[in-house]
Amino acid sequence: MSWRDLRCGEPRPDQVGRRLTLAGWVDTRRDHGGLVFVDLRDHTGMCQLVVNPEHAPDAHAVAHELRNEFVVQVEGELAARAPEAVNPALPTGGVELQVDRLRILSRSTPLPFQLDEEHVDETLRLRYRWLDMRRDQMQRNLRLSHTVVQSIRRTMDERGFIDVWTPSMTRGTPEGARDFLVPVRLQPGKFFALAQSPQLFKQLCMIGGIDRYYQIATCWRDEDLRADRQFEFRQLDLEMAFVEREDVLDVMEAAVVNAFDALGREPPARPFPRIGYDDAIARYGTDKPDLRFGLEIQEATEVTRGSEFGVFAGAEAVRFIVVPQEYSRAELARLEEVAKEWGAKGLAYIVHGADGEARSPIAKFLSERELAAFGAPAGSTVLFGAGEPELVARVLGGLRLHVARELGLADPDAEVFHWVIDFPLFQRDEDTGHWTFLHHPFTAPIAGDEDFEDDPGAAKSQHYDLIWNGWELGSGSIRIHRSDVQAAVFRTMGMSDEEANGKFGFLLEALEMGAPPHGGFAMGLERFVALMAGEPDIRQIVAFPKVSSGADPLTGAPTPMPADVLRDLGIEALPTEAEHGGI
Ligand code: ASP
């Protein structure tokens, strides 16, 4: 005998009269003066069961024992519901199963929360994730995630990519985060790092003639957890030989568009717009601008050079945004606080009243020419940033997002994908003062910028980012395929040849044995799926996530290890603060 003939969401009126066996979870049980109604549920939906004491006294006796989330198997005849009992909201709402046999397969203890309960504490939901997973939202999200992954695999396969497995336990790769370390019993005192990404392995695959590599790769990064970040996450990781930037972008655009198609959603138009990094910073104050709304940053440095307003006259950069809102003083005071959070000392503004009046503490210092240059219509406010260009970009970029969110300027139905290209090759590390990479040190300079050592800050790279509605979905680049250029990057970063060889000798060596030009990309899968699912938090689309403290409420991991286990690994645990008598 099979456990079930149909899934719970499948019975339809054209099967009325058929004898059926169903199995699933008790969603609800209702006693109606003798008749017992049960909603039987599985991932496909719900079917109403009716147990009649006269027709099926044994089943009726068992039905009384049923509680929510018991697992049962039932047998009976499918019947049409009386017209007044039809539920048009349910696909199975025209039928019900007249049960004559009912078997309890598994019982449930009283539940820590009801599946349809709202505002359940998240840690509690994660502690009992197997219950939480039965909810529609989790079922939908995990299935949506599967559809996206399948669609990606199809796209990759159609385009000649092969899935090559690369090690999780490796040497640290510099992707800008801390490594998780794995001790090795066979070599006490030594550690593997869990791969922050398969970056170097995929490059070695290119040198190895794989031509087109991809992987749904798990990556580990020891960073603080946030709504869009977990310790471990997956990415669509790919690499291609003999390609230019546009070839990589083309594949990624296809992967994104096909995923929309697979979900039956209107895909974004291709090609996705490309914006230069300098342009993005100048116009939006960030390298991942949200382009669902305008509110572009405008330039006023030249026009304010001789300004009588000293702050403007002396500032390296003066820029502004024009907000379509006549702000009150109280609102401006709040915006000033926001600007200060982004590093501003204050917030200069001009309110252009609907009455045509310009209200501003600084208006009296500004010339007609200056005021005209700010060109704001009645009923708007000009917000300024003045100072170092990076600071001004940060402050106005932050304000731009803030006011757009408050004023609802972004079209909630718009899906704007775009690329940011032409990043600088190096930036100054704020802590050490050394030059460091923006993406990772394997990114190639643009053609003509290979001699970057004299002026590293001026070199541009072949790095590109994919942005969706202001979220960075992923990054990639055309890589360095010449060992002399790679060695020069390490040198510029302040690494001695000895250090570079110690850490990356294998790469430098491989680059000397016939490395084809190559490039690739990696897109964070959970973030992509979360945005697809309209979930603000990636924990909603991960089956078993960690909470922000870094713990797994379900298994209780991480846990301390006995001293003898650690000793075998060559490790001695320091006392924790609590053991020290601290807090
Ligand atoms: N390894 C990079 C990352 O994980 C992606 C790439 O450059 O392909 O962000």
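Is phenylalanine 242 buried or exposed? With a relative accessible area of 62%, phenylalanine 242 is exposed (exposed means over 50% relative accessible area, buried under 20%, and partly exposed in between, with a 1.4 Å probe and protein chains only). Let us take that residue as a starting point for a walk through the chain.

Please keep in mind that this is a predicted model, in which local features need pLDDT of at least 70, side-chain atom pairs count only at pLDDT 80 or more, and totals for chains, interfaces and linings use all residues. Residues are numbered from 1 along each chain as its sequence is written, and side-chain values use heavy atoms, with hydrogens and water left out.

## The chain as a whole

The protein chain holds 15 helices and 23 strands (DSSP runs numbered from the N terminus, with helices being H or I of at least four residues and strands E of at least two). Its C-alpha trace spans about 95 × 75 × 60 Å along the principal axes. Of its 583 residues, 47% count as buried. Among contacts in the chain with a separation of 6 or more, 66% are between residues 24 or more positions apart (contact means heavy atoms within 4.5 Å).

## The nonpolar core

In soluble globular proteins, nonpolar side chains tend to be buried together. Here the largest nonpolar core has 64 residues, and those with the most contacts inside it are Leu236, Leu238, Met523 and Phe528. Such a core is a set of buried Ala, Val, Leu, Ile, Met, Phe, Trp, Tyr and Cys residues joined through side-chain atoms within 4.5 Å. Helix α6 (residues 245-262) gives the largest share of this core, 9 residues. Leucine 236 touches, among others, Ile152 and Met156, Met252 and Ala255, and Phe521 and Met523, when residues up to four places away in sequence are not counted.

## Two helix pairs

Two packed helices are described by the angle between their axes and the distance between the axes. Axes are lines fitted to C-alpha atoms, for helices over the stretch in contact, and angles run from 0 to 180 degrees between N-to-C directions.

Helix α4 (residues 136-158) packs against α6 at an angle of about 135°, with the axes 9 Å apart. The two are therefore oblique to each other (under 35 degrees counts as roughly parallel, over 145 as roughly antiparallel, 65 to 115 as roughly perpendicular, and the rest as oblique). Their crossing is right-handed, where right-handed means that the near helix is turned clockwise from the far one by less than a right angle, and left-handed anticlockwise. Contact residues include Thr147, Val148 and Met156 of α4 and Val251, Ala255 and Ala262 of α6. By class, this contact has 7 nonpolar, 4 polar and 1 charged residues; Ala, Val, Leu, Ile, Met, Phe, Trp, Tyr, Cys and Pro count as nonpolar, Asp, Glu, Lys and Arg as charged, and the others, Gly among them, as polar.

The axes of helix α9 (residues 329-341) and helix α11 (residues 389-407) come within 9 Å and cross at roughly 135°. That makes α9 oblique to α11, and the crossing is right-handed. Arg334, Leu335, Val338 and Ala339 in α9 meet Val395, Leu399, His402, Val403 and Glu406 in α11. This contact has 6 nonpolar, 1 polar and 2 charged residues.

## Backbone details in the loops

| Residue or bond | Feature | Value |
|---|---|---|
| Arginine 270 to proline 271 | cis peptide bond | omega about -10° |
| Alanine 557 to proline 558 | cis peptide bond | omega near 0° |
| Phenylalanine 242 | positive phi, not a glycine | near 55° |

Proline 271 is in the loop between α6 and β12 (274-276), while proline 558 is in the loop between α14 (525-533) and α15 (563-568). Aspartate 211 lies between α5 (199-207) and β10 (212-220), and at 35% relative accessibility it counts as partly exposed. Our opening residue, phenylalanine 242, sits in the loop between β11 (232-241) and α6.

## Two buried residues

Glutamine 486 belongs to helix α12 (residues 483-492) and is buried, with a relative accessible area of 0%. Its contacts beyond four places in sequence are Pro441, Phe442, Ile480, Leu507, Leu508 and Leu511.

Lysine 546 is in the loop between α14 and α15, and is buried at 18% relative accessible area. Its C-alpha atom is separated by 9.3 Å from that of threonine 123, 423 residues apart along the chain.
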